Amino acid sequence: MPFPRILARAAASALRAPPLLLRAPVLAPRAFTTAHTKWHGHITPPKKGEELHVTFIDKEGEKHTYEVAAGDNLLDIAQENDLEMEGACGGSAACSTCHVIVEDDTMYEKLPEPEDDENDMLDLAFGLTETSRLGCQVHMSKAIDGIVVRLPSMTRNLQSSDFSKK
Ligand code: FES
């Protein structure tokens with residue numbers, strides 16, 4: 001089977017989605033939720049001797065390596081270092097503009113399993129791969145020290161500047 005993780009994700013999403021006729025009407029009231037500001041937007045300087053390492057490969061193929069602290073997520077690290085990662089929903093797993101591709105399959109396996117919300121958004125990500133994750137959901141830890149992630153050539157966001165002329 002060529003893409004077992006992608007197929008498994010799609011199957012899980014399909015099982016979670018109610019049949020078309022049972023879906024809530026468009027105007028049904030929905031709870032308004034926001035991500036707690038404490039969970040995004042800042043990174044913590046690593047303590048001496050506890051530095052972890054992450055490398056981003058940008059759209060031009062350039063590598064950028066940073067020393068970071070445990071707990072910081074890849075979206076915040078990228079934005080703090082002016083890398084091109086949009087993070088349109090502010091890190092609440094409600095878009096796919098923080099899509100990253102983990103370079104090494106072994107490192108990918110060390111990451112905690114993605115939650116349902118992340119899988120749903122990954123289904124919408126441009127250029128989805130077997131080792132795709134949402135950067136805002138990947139938190140640095142000793143287990144993934146040295147992780148290398150690639151930024152996809154494009155992200156999918158109807159509000160984004162991807163569609164404006166540059
Ligand atoms: S920033 Fe929107 S899902 Fe990560």
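1. With which residue does Arg5 form a salt bridge? In this predicted model, the partner is Asp105, and the closest N and O atoms of the pair are 3.3 Å apart. Because Arg5 lies in helix H1 (residues 4-16) and Asp105 in helix H3, the pair ties together parts that are 100 residues apart in sequence. Asp105 counts as partly exposed, at 39% relative accessibility.

2. The overall architecture may be stated next. The protein contains four helices and five strands, which follow the pattern α-β-β-α-β-α-α-β-β along the sequence. The five strands form an open sheet in the order S2-S1-S5-S3-S4, with mixed pairing. Strand S2 (63-68) and strand S4 (132-134) are the edge strands, each pairing on one side only. From one strand to the next, the twist averages 35°.

3. Within the sheet, strand S3 (residues 99-102) and strand S5 (residues 147-150) run antiparallel and are joined by two bridges. Val102 has Val149 of S5 as its bridge partner.

4. The largest nonpolar core comprises 27 residues, and those with the most contacts inside it are Val54, Phe56, Leu74, Ile77, Met85, Met140 and Ile147. Two or more residues come from each of strand S1 (52-57), S2, helix H2 (74-80), S3, helix H3 (105-110), helix H4 (116-122) and S5. Helix H2 gives the most to this core, with four residues.

5. Leaving aside residues up to four places away in sequence, Ile147 touches His53, Val54, Thr55, Val102, Met107, Leu111 and Met140.

6. The salt bridges number five. One of them joins the side chains of Glu84 and Lys59 (3.3 Å, N to O). This pair links the loop between H2 and S3, where Glu84 lies, to the loop between S1 and S2, where Lys59 lies, 25 residues apart. Glu84 is exposed, with a relative accessible area of 53%, whereas Lys59 is partly exposed at 31% relative accessibility.

7. Another salt bridge is formed by the side chains of Glu103 and Arg150 (3.0 Å, N to O). Glu103 is in the loop between S3 and H3 and Arg150 is in strand S5, so the pair links parts of the chain 47 residues apart. Both residues are partly exposed: Glu103 has a relative accessible area of 39%, and Arg150 one of 32%. Elsewhere, salt bridges with shared partners join Arg5, Asp105 and Glu109 into one network.

8. Some totals complete the note. Of the 166 residues in the protein, 36% are buried. The accessible surface comes to about 10600 Å², and 57% of it belongs to carbon and sulfur atoms. Among contacts between residues at least 6 apart in sequence, 69% join residues at least 24 apart.

Terms used: Residues numbered from 1 in each chain as written. Predicted model: local features only at pLDDT ≥ 70, side-chain atom pairs only at ≥ 80, totals over all residues. Heavy atoms only, no water. Pairing = 2+ DSSP bridges. Axes fitted to C-alpha atoms, helices over the stretch in contact; angles between N-to-C directions. Buried < 20%, exposed > 50% of the residue type's maximum accessible area, 1.4 Å probe, protein only. Contact = heavy atoms within 4.5 Å. Areas by Shrake-Rupley, 256 points an atom, 1.4 Å probe, with all protein chains shown as cover. Core = buried A, V, L, I, M, F, W, Y, C linked by side-chain atoms within 4.5 Å. Salt bridge = Lys/Arg side-chain N within 4 Å of Asp/Glu carboxyl O.
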